[in-house]
Every structure is written in C-alpha cells, then in structure tokens.
Amino acid sequence: MADDALKIRSFSVNNVSFGKHYAFENGNLVIPETFQPDLPVGYDSIKLRIIKPHHLDVPTNSIMDIVPISAKVLGKIGTGLTHTLTGVYLLITGATTDGTQLHDFGSSDGVLKDQLKLGQAGTPGPDDFIIMFDVLLQPAFKYDRDFVTQLFDYSDQFIQPIRKILKMTNGRYATETHTFYNERHPGKPKVAVVKEVAGQGTMYDNLLFPKEPSGMAAGVSIIDLNNFPVLLTANEYRDGAIRAMV
Amino acid sequence: MGVGPSTKETTLHHFRDPLVDVFGADPDIDFQGVVVVGTPQDNTLKGLVGQRVAKWLQAMGTNGAVLSADGWGNSDVDFMNTMSEIGDLGISIIGLKFIGKQATFVVTNEYTPFVLDINKSKSGTETTVVGENNLDHRDANKALGFLKLKMRADHSKQ
C-alpha cells in the first residue's frame, strides 16, 4: 500500500532574518522586509515582524491564526512527501488603523507574551521564532466573507516563495524524517474521531484540502459544503488538510 | 468575529492534532479516520448535519466515536445534537469540549455525563490567551481511555 504512506521531513530553522530575497540555507531563513501586494480598497498595509525566542514582550493585535510552513513535494495531501519547517511559525494578526480588533467574541490583542500560551499543539514552542504578519485595515473596510478570506490568502502568498525553496531543498539536510501510515487493526473495535469545526460565516470558517499543506489555494470551504460531514484519513489530517479561518 | 481565542484551533493545531496522534497510534483500536463537520447557522441544517454524521458512522460499522468541538457558545447546540444522534444509533460516544465555569450545559440529557471538560484556566473562563484551553495530549489520552470503558460497558449491556 505505497499510496498509504506519508513521509514528512522536517527542517529545523535556527535563525530568521530580513534580507532582499527569500532564502533558506544552513538553518537560516531569510524573508523580505516588506510584503506589498496590490492591496485593494479597505487595506492600509501589511507589516512583517520577526520575533525571536524569549522576546515576546511586544504588542500584538488580535491573533487570527498560527500557521506551519510546509510544502507538498510529491503526491497529494495525505500521501507522498511533505517538507516542513520547524522552529518558525507564521502568526497572523489583524486590526484597523484606529485599533478596532477583527475578533468580537473575545479578542487576543495585548502583549504577545500574555496572549499566547507557548508549547501547545497549536502554538509555537518557547524556543521557536515567530513571523508576525500584521494586517492593518482602514476603519471603514467592508467586513464580509470574501474580504476576510482574501486577507488569509495574502498570508499564503507570502509563504509560497518559502514553499518553493522547501520543495527544492535536498532531503539529506532534514533534521527528522517520519513516515506515517493509515494504520488499521482488523478485529479491534472500530473507532472514529468526529471534529466539529466553525462554519457559521465570516471568520467562522475552515478550508479543506488545500493544494499545499496548511495552505489556502484550491481549498474548499466548509461553508460552501453547507457544513456537511467530510471524511479525512489520519494521514490527510496529519498533512495539513485543514486550514482554520477562525 | 471568531471563536473564543483560548479554545480556537489554529491551523498549526490541526497539523499536529493530539487526537489524531493518540487515536491513530493505538494498536488496540481500528482507527477509521476523522469526520469533519461544520456548524451551520440554520436550525434545520444543524439537525441535518448531525444526523448525517451518525448515519455515516453507522454505515462504516463504527463501534465508538469521540466528538470534539472547536470553540464554544453557539456551537453547543450542534455538539449535543450530534452526540445524541450518534448515541441513539447504538454507537458508543463520548465528547470533549470547553466547559469550565462559563460554558456549562444549559440542557442536560443522558449523554452530557460523557463529555470531558478541556478547560485548563484557573478561572474556568475564556481567558483570551491563544492556546490556553486547547485540547492537548492528556485530554486525548483521557478520551481514548474513557471511550474504551464506554464501549466495554455498552457492549456488555447488549
């Protein structure tokens, strides 16, 4: 069952710095200092900030998502080969220029060290770098689903050049390699996990099956599926088949 | 908008999900996979999606399932409905969600005693600290153990 195997190679990042171009060599990740796509009406700017481990005493807008940086090298989500970076994660935050936060059911703005519990499954560890992707909007921006989805899309466009480099990175430089299988144990009790995810509307949304692990492009929204159930194999799940937009 | 910060599951959380880690690695169960279901705004749809999950598990021959929720509040109705739909078809079901002191059940039924609380904050509230009340490996292991006991108990009743 070769189709069943998913190999994830992780490359550890020891330093993140700003430079002219994207680069990844000997554990050093270089990202451009500015990210300036053609921003439509409603946006003010997108600001990038590198936060070093143990230097979390910085102000933050409401935390919208934390995203691992992974790239599909061979196969589709759930099979084949994936390369991922460890030691660095993207943190997406957002507010308007007059300080209104983009979450109304409890906003996590404040000082980053007080608003983030490190070392959880969904958060960076204490020794990890954080790339803060801070989206600033004009006070009168049009709050709807398309607008918010596009905002997350920009973060994906920012990551894509790193993915391109990761796809070409030689596997021999990987820090760790894990091979996962959708293991079955016939004769034992059959067990399933059911995950209820947000799908009520703007910023209560999740994408399934993006092209890149934990990506946005080509993903299908659970809202567009009318919130109907979808079955994922363990390996699809492990390979970033869900992108949160909550 | 957005679900409560301390319970929300980030994309990184899904990538490293403790439930998939723990359930996918246990040789004493035959792990079938993860059913992802949304939480519709509309009441008729709320009932329908829960029912579809239950029918699907029944067709898969599932003996036991764990239901877990991202966030709390509005989605609690969906949670209890889906849990009941699955349980009513004779499938052993346990739940995992944020309860604390803030999100206790408004209505209780025969399934509510089988919901484990993932709250970790001292205050038992939505603390707005991202990651604080997330489901972790301890919760996942506890859920697996609890589900095994539930399956055994339900089986001996039959």
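Which residue stands opposite B:Val34 in strand 1 of chain B? In this predicted model, the residue is A:Leu232. The legends below start with the contact between the two chains and end with a pair inside chain A.

**View 1. The interface between chain B and chain A.** On chain B, 68 residues are in contact with 66 residues of chain A. The two chains bury about 6,400 Å² between them, and carbon and sulfur atoms account for 58% of that area. The size of an interface is often given in this way, as the accessible area lost when the parts come together.

View 2. Between chain B and chain A, 45 residue pairs are in polar contact, with both residues at pLDDT 80 or more. Several elements of chain B give two or more residues to the side that touches chain A, among them helix 1 (11-15), helix 2 (18-23), helix 3 (43-59) and helix 4 (76-88). Strand 1 (30-37) of chain B is also one of these elements, and the largest share, eight residues, comes from this strand. Sorted by class, this side of chain B has 35 nonpolar, 22 polar and 11 charged residues. The count of salt bridges between the two chains is four. In one salt bridge, the side chain of A:Lys195 meets that of B:Asp17, at 2.5 Å from N to O.

View 3. Six strands form an open sheet in the order 17(A)-1(B)-14(A)-2(B)-3(B)-4(B), and the pairing is mixed. At the edges are strand 17 of chain A and strand 4 (115-117) of chain B, each of which pairs on one side only. Neighbouring strands of the sheet are turned against each other by 25° on average, direction ignored. Strands of a sheet pair through backbone hydrogen bonds, either parallel or antiparallel. Strand 17 (residues 230-232) of chain A and strand 1 of chain B run antiparallel and are joined by three bridges. Within this pair of strands, A:Val230 has B:Val36 as its bridge partner, and A:Leu232 stands opposite B:Val34.

View 4. Helix 3 of chain B lies across strand 14 (190-196) and strand 17 of chain A, together with strand 1 and strand 2 of chain B. This helix runs at about 165° to strand 1 of chain B. Helix 5 of chain B also packs on the sheet, where it touches strand 14 of chain A and strand 2, strand 3 (92-97) and strand 4 of chain B. The direction of helix 5 makes about 155° with that of strand 3 of chain B.

**View 5. A four-stranded sheet in chain A.** This open sheet has the strand order 8-9-1-13, with mixed pairing. Strand 8 (70-74) and strand 13 (176-180) are its edge strands. From one strand to the next, the twist averages 25°. Strand 8 and strand 9 (residues 80-86) run antiparallel and are joined by four bridges; in strand 9, A:Thr84 is the bridge partner of A:Ser70. Helix 2 (residues 145-168) of chain A packs on the sheet and touches strand 1 (6-12), strand 8 and strand 9. The direction of helix 2 makes about 40° with that of strand 8.

**View 6. A salt bridge between distant parts of chain A.** Over all chains, the structure holds 18 salt bridges. In one of them, the side chains of A:Asp205 and A:Arg145 meet at 3.8 Å, N to O. A:Asp205 is in strand 15 (residues 205-208) of chain A, whereas A:Arg145 is in helix 2 of chain A, and the two are 60 residues apart.

Note on methods: Residues numbered from 1 in each chain as written. Chains lettered and ligands numbered in written order. Predicted model: local features only at pLDDT ≥ 70, side-chain atom pairs only at ≥ 80, totals over all residues. Heavy atoms only, no water. Contact = heavy atoms within 4.5 Å. Buried area = accessible area lost by both parts, 1.4 Å probe. Polar contact = N/O pair within 3.5 Å; in protein donor to acceptor, adjacent residues only side chain to side chain. Nonpolar A, V, L, I, M, F, W, Y, C, P; charged D, E, K, R; others polar. Pairing = 2+ DSSP bridges. Axes fitted to C-alpha atoms, helices over the stretch in contact; angles between N-to-C directions.
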